[in-house]
Amino acid sequence: MRHFFTESYPNPEEWLERRLTYTRSVAASSIAGYIVGLGDRHSQNILIDRDTAEIIHIDLGIAFDQGKLLNIPEVVPFRLTRDVVDGMGC
């Protein structure tokens, strides 16, 4: 993810602004996803808006805690993978 920001936003001010927007977007969507019980979150279910760097969730098939009813139930409130954290910087 850090390479996406470096390549997409070569201007340092824009780079910093977009990374902050991305980080805030991840935080807000993690909270909202927890509240509505959104499951099955992984990098293939998340898009990034190139203009704003906000994340957009797609494939909302497992919501309202349906993930807890799977054969192997989801027990984590939200997923914060290394790929997602990598985009946030240090």
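Analyst: The answer starts with the whole chain, then turns to the core and its residues.

This is a predicted model, in which local features need pLDDT of at least 70, side-chain atom pairs count only at pLDDT 80 or more, and totals for chains, interfaces and linings use all residues. Residues are numbered from 1 along each chain as its sequence is written, and side-chain values use heavy atoms, with hydrogens and water left out.

The chain has three helices and two strands. Helices are DSSP runs of H or I with at least four residues, strands are runs of E with at least two, and both are numbered from the N terminus. Their order along the sequence is α-α-β-β-α. Along the principal axes, the C-alpha atoms fill a box of roughly 45 × 20 × 20 Å. The chain has 90 residues, and 27% of them count as buried. Buried means under 20% relative accessible area, exposed means over 50%, and partly exposed lies in between (1.4 Å probe, protein chains only).

Now the core. The largest nonpolar core holds eight residues: Phe4, Phe5, Tyr9, Tyr22, Val26, Ala53, Ile55 and Val84. Such a core is a set of buried Ala, Val, Leu, Ile, Met, Phe, Trp, Tyr and Cys residues joined through side-chain atoms within 4.5 Å. Two helices, α1 (2-8) and α2 (12-36), each supply at least two residues of this core.

Take Val26 next. Val26 touches Ile55, Leu80, Val84 and Met88, leaving out residues up to four places away in sequence. Contact here means heavy atoms within 4.5 Å. Ile55 and Val84 are core members too. Over the chain, 60% of the contacts with a separation of 6 or more come from residues 24 or more positions apart.

Ala53 is another core member. Ala53 sits in the loop between β1 (46-48) and β2 (55-57). Its relative accessibility is 0%, so Ala53 counts as buried. The phi of Ala53 is near 70°, a positive value in a residue other than glycine. Most residues other than glycine have a negative phi.

For contrast, look at Phe64. Phe64 lies in the loop between β2 and α3 (82-86). Phe64 counts as exposed because its relative accessible area is 68%. Phe64 is in contact with Val36 and Gly37, leaving aside neighbours within four places in sequence. Tyr34 is 30 residues from Phe64 in sequence, and their C-alpha atoms are 9.2 Å apart.
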